[in-house]
Amino acid sequence: MDSRMLESYACGRWHRATDEGRAVVSPVDGVEVARVSSTGLDAAAMARYARETGGPALAALTFHERAAALKAVGLTLMAGKAEFYAESARTGATERDSAVDVDGGFGTLLSYASKAKRELSNDVIHLDGPVEQLGKKGTFVARHVHTSRRGVAVQINAYNFPVWGFLEKLAPAFIAGVPTIVKPATQTAYLTELVFRRIIESGLLPEGSVQLLCGDPAPLLDALGGQDSVAFTGSAHTAAKLRAHPVLVANSVHFTAEADSLNASVLGADVTPDAPEFELYIKQLTTEMTVKAGQKCTAIRRALVPESMVDAVIDAARARLDRVVVGAPGAEGVTMGPVVSLAQRTDVLAAVDKLRGAADLVVGDPDHVEVVGGDPATGAYLPPMLLRSTDPEAPEVHEIEAFGPVATVIGYRDTAHAVELIARGGGSLVASLVTADPQLAREVLLGVAPYHGRLLVLNAEDARESTGHGSPLPVLVHGGPGRAGGGEELGGIRGVLHHMQRTAIQGTPEVLAATTGQWVTGAPRAEGDEHPFRKSLAELRIGDTIVGGPRTVTLADIGHFAEFTGDTFYAHTDPEAAAANPLFGGIVAHGYLVVSLAAGLFVDPAPGPVLANFGVDSLRFLTPVRADDALTVTLTAKQITPRSGADYGEVRWDAVVTNQDGAPVATYDVLTLVAKTRDGGAE
Ligand code: NDP
């Protein structure tokens with residue numbers, strides 16, 4: 001295969017550097033794959049283009065429309081994944097490694113698309129938390145809202161996940177309505193560029209919403225301002241440099257880093273060699289050492305096991321690691337490829353040398369690697385290497401990261417000691433605990449959670465479904481404090497909100513309703529001649545209200561409801577016992593009776609645009625209802641969310657049930673599906 005000059009996608013066109021660029025060779029055979037350079041590229045213009053073309057194009061789309069675009073891209077890429085696997089193999093990835101990177105990346109797009117559709121409204125503004133009442137009379141209220149930043153999300157990626165790495169950052173930013181500039185790590189940029197090219201060719205994303213910079217990001221960083229962000233993944237060294245970048249500091253550019261960390265996996269003190277958890281521990285450890293040849297920010301570097309189990313763990317791990325076949329991806333039987341480059345191989349060996357100051361190398365000999373289908377001289381091959389610490393307190397094993405197929409087994413005295421040793425990592429992305437004892441899990445969790453972004457507790461019950469120690473998931477946070485970079489990515493909608501500005505809006509209820517698109521208590525209500533259930537989504541407005549009642553509740557109603565439903569709890573049926581109840585002091589109506597009677601007061605029974613009631617939110621019973629109380633319900637359209645691609649949408653109604661004294665007895669939101677038009681078709 002020929003080497004190709006990678007291009008950047010800038011300001012709506014592909015840009016080819018004006019010089020020869022830097023050669024990138026494959027770690028499989030040392031053959032040149034690509035050349036990378038950004039000479040001649042106007043990076044400041046890229047930032048402006050993102051803000052002036054990409055930002056407005058995204059702002060014109062709702063969260064749901066952005067989600068639909070992202071889903072279409074995910075499906076398109078998935079359909080053509082064979083060519084990405086072929087390119088991925090040149091980075092040293094086996095099929096298993098590529099599945100994590102390629103399928104993992106596309107899956108992240110689909111996951112974000114689906115989450116955004118389910119958890120965000122079909123709008124461009126996201127409400128955060130309840131309305132805060134700031135004055136006694138209710139004329140001055142406040143609420144937090146999230147809106148899209150008007151800048152560009154710059155991502156600087158590590159070499160190890162050329163596909164997942166850029167998509168896991170792109171998806172949340174895109175949903176948030178913020179354009180992205182992707183800067184891939186030079187060593188594997190050819191795979192990123194190929195996937196990116198297919199995205200652009202698909203025409204599915206608005207112009208300016210994504211750009212690609214292959215080469216030097218320095219001029220881009222110089223062009224960033226206070227609405228922009230930088231999300232970095234890579235070495236702690238580069239993270240520290242960027243954190244102190246004068247332009248980023250001067251302009252308060254939002255900066256997050258995800259750096260290398262010495263993740264730990266603990267074998268619980270309850271696990272014996274014949275327990276199923278022992279096998280799970282060993283399997284997980286050896287898998288984490290060998291997937292992506294150990295070049296995963298989440299891989300296990302420190303295997304913490306009870307002192308008495310060190311020998312058993314090493315023996316069992318050796319038996320598995322001896323079966324690993326190192327070689328060229330795709331060659332017969334190969335289960336682990338090379339690391340990404342000869343330089344990386346040198347770095348790993350240097351780190352192993354340093355580790356050997358405090359540990360013995362007990363599995364793997366870097367001077368004697370059997371390589372299938374590749375040449376050990378030109379390829380960046382390493383064997384899996386397991387070390388045994390000679391001093392668990394020695395700083396080396398907690399501080400030196402060998403970013404390759406390397407882990408160290410460390411013996412601990414008791415759980416408190418294990419917790420203390422884990423914390424010596426100074427903050428990690430993930431830790432795992434293998435135990436069948438939930439109480440032990442709590443003890444470890446309380447000890448180590450402050451140092452981690454994610455914790456996996458593995459045992460025989462969840463093992464089959466477990467996604468594993470090393471897999472960040474789109475719905476869970478990915479990141480960690482301290483040494484791990486201090487950043488946070490993903491985590492479902494949390495990851496979207498990282499790209500949005502949270503603002504507290506203060507004003508009257510009417511202003512709040514108008515600005516946020518959600519009716520709030522105290523805002524004007526409209527009680528028209530027509531029942532709001534007769535109105536289609538196109539006709540309904542927030543604030544449309546129906547008042548039903550009063551309806552007197554009788555003792556017979558309460559008795560009937562108790563018999564009919566079988567809910568004969570004494571507070572509804574036994575006058576003496578109910579009288580002794582300190583909260584009620586006598587028979588009270590069931591809360592569900594109140595809600596059912598309220599429904600009877602507000603529904604319009606004839607067929608119409610309201611199709612279904614799909615639940616209630618935030619139901620609270622505030623005042624006990626007794627026989628002879630008279631109930632009135634006020635139902636107000638609170639939020640209207642048309643569903644894209646459907647003939648109906650969601651309407652959230654504010655429901656307040658009051659008694660004859662005007663005291664609220666129940667408050668809740670009723671959730672309904674309502675047709676977009678009276679004849680049931682789309683608008
Ligand atoms: P680097 O930190 O050197 O590079 C990461 C990214 O930052 C690359 O895109 C790189 O671009 C870019 N970069 C490097 N220097 C600068 C700079 N001064 N300004 C702006 N961008 C810059 O990490 P490597 O990929 O070289 O890996 C080195 C070590 O980092 C590994 O051995 C491992 O210990 C750790 N690592 C951690 C990862 C994690 O996921 N947490 C992932 C990968 C590595 P370019 O490639 O063009 O130089």
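1. A salt bridge joins the side chains of E279 and R320, at 3.1 Å from N to O. The two residues are 41 residues apart and link distant parts of the chain, E279 sitting in helix α10 (residues 276-290) and R320 in helix α11 (residues 310-321). E279 is partly exposed at a relative accessible area of 43%, and R320 is also partly exposed, at 23%. A salt bridge here is a side-chain nitrogen of Lys or Arg within 4 Å of a carboxyl oxygen of Asp or Glu. Buried stands for under 20% relative accessible area, exposed for over 50%, and partly exposed for values in between (1.4 Å probe, protein chains only). Helices (H or I, at least four residues) and strands (E, at least two) are DSSP runs, numbered from the N terminus.

2. On the basis of the note: this is a predicted model, in which local features need pLDDT of at least 70 and side-chain atom pairs count only at pLDDT 80 or more, while totals for chains, interfaces and linings use all residues. Residues are numbered from 1 along each chain as its sequence is written, and side-chain values use heavy atoms, with hydrogens and water left out.

3. Overall description. The chain has 21 helices and 27 strands. Its C-alpha trace spans about 90 × 60 × 45 Å along the principal axes. Of its 683 residues, 54% count as buried. Among contacts between residues at least 6 apart in sequence, 74% join residues at least 24 apart; contact means heavy atoms within 4.5 Å.

4. Other salt bridges. The whole structure holds 33 salt bridges. One of them pairs R197 with E193, at 3.3 Å from N to O. These two residues lie 4 residues apart in helix α6 (residues 189-202), so about one helical turn separates them. E193 is buried, its relative accessible area being 0%. R197 and E193 also belong to a network of salt bridges that links them with R4, E7, R16 and E87.

5. E168 and K169. The side chains of E168 and K169 form a salt bridge at 3.7 Å, N to O. Both E168 and K169 are buried. K169 is also among the residues touched by F232.

6. R149. R149 lies in the loop between β7 (141-148) and β8 (153-156). Leaving aside residues up to four places away in sequence, R149 touches V178, Q227, S229, H254, H498, H499, M500 and Q501.

7. F232. This residue is in strand β11 (residues 229-234). With a relative accessibility of 3%, F232 counts as buried. Beyond residues up to four places away in sequence, F232 touches I156, K169, T238, A239, L242, F255, T256, A257 and E258. F232 and G487 are 255 residues apart in sequence, with a C-alpha to C-alpha distance of 9.0 Å.

8. Helices α18 and α21. The axes of α18 (residues 555-565) and α21 (residues 591-602) come within 10 Å and cross at roughly 110°. Axes are lines fitted to C-alpha atoms, for helices over the stretch in contact, and angles run from 0 to 180 degrees between N-to-C directions. D557, I558 and F561 in α18 meet Y592, L593 and S596 in α21. By class, this contact has 4 nonpolar, 1 polar and 1 charged residues. Nonpolar covers Ala, Val, Leu, Ile, Met, Phe, Trp, Tyr, Cys and Pro, charged covers Asp, Glu, Lys and Arg, and the others, Gly among them, are polar.

9. Backbone. Most residues other than glycine have a negative phi, and most peptide bonds are trans. The bond from G549 to P550 is cis, with omega near 0°; P550 is in strand β23 (residues 545-552). C11 has a positive phi, near 50°, and lies in the loop between β2 (8-10) and β3 (13-15). C11 is partly exposed, at 30% relative accessible area. S618, in strand β24 (residues 610-621), has a positive phi near 55°. At 56% relative accessibility, S618 counts as exposed.
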